[in-house]
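Good morning, and thank you for the time.

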Amino acid sequence: MIYTLCIDGETWMKDIKVNPEQKIKETIQILIDGNVLPKISANADITLFSERKGEFIDMEKSYIETQIFQGDILQISYEQ
């Protein structure tokens, strides 16, 4: 499945392809470790908001469990 990630308040946007059974937290950690998410440190306090659903997402669950579907736009907010 393909999702679009955006960083809240910034112009950064990235389409990612992930396994829908993967936990969202794992995806975010892989992107941080690979320096794909700019300016976000590994110990940052991160929240994720689904534009389609209009609600914050539990990152401990998988994309399927949280009903995040292909094409969804996910807004990342963080505090270092």
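Let me begin with a term: a residue is buried when its relative accessible area is under 20%, exposed when over 50%, and partly exposed in between, using a 1.4 Å probe and protein chains only. Please bear in mind that this is a predicted model, in which local features need pLDDT of at least 70, side-chain atom pairs count only at pLDDT 80 or more, and totals for chains, interfaces and linings use all residues. Residues are numbered from 1 along each chain as its sequence is written, and side-chain values use heavy atoms, with hydrogens and water left out.

Strands, labelled E, are DSSP runs of at least two residues, numbered from the N terminus. Of the six residues of E1, five are buried, so this strand is largely enclosed by the rest of the structure.

Which strands pair with E1? Two strands pair if DSSP finds at least two bridges between them. E1, residues 2-7, runs parallel to E5 and is joined to it by four bridges. Within that pairing, Leu-5 stands opposite Leu-74, and Cys-6 has Gln-75 as its bridge partner. With E2, residues 13-17, E1 runs antiparallel through five bridges; here Ile-2 is partnered by Lys-17. The hairpin of E1 and E2 has five residues between the strands, and Gly-9 takes a positive phi near 80° there.

E5 is also joined to E3, by six bridges in an antiparallel arrangement. In that pairing, Phe-49 stands opposite Gln-75.

Glu-51 is partly exposed, at 41% relative accessible area. A polar contact, meaning a pair of N or O atoms within 3.5 Å, one able to donate a hydrogen and the other to accept it, with residues adjacent in sequence counted only if both atoms are side-chain atoms, joins the side chains of Glu-51 and Gln-75 at 2.6 Å. Contact in general means heavy atoms within 4.5 Å. Beyond four places in sequence, Glu-51 is in contact with Asp-72, Ile-73 and Gln-75.

Is Thr-66 buried or exposed? Thr-66 counts as buried, because its relative accessibility is 6%. A polar atom of the Thr-66 side chain lies 3.0 Å from the backbone oxygen of Ser-62. Outside four places in sequence, Thr-66 touches Ile-24, Lys-53, Ile-57, Asp-58 and Lys-61.
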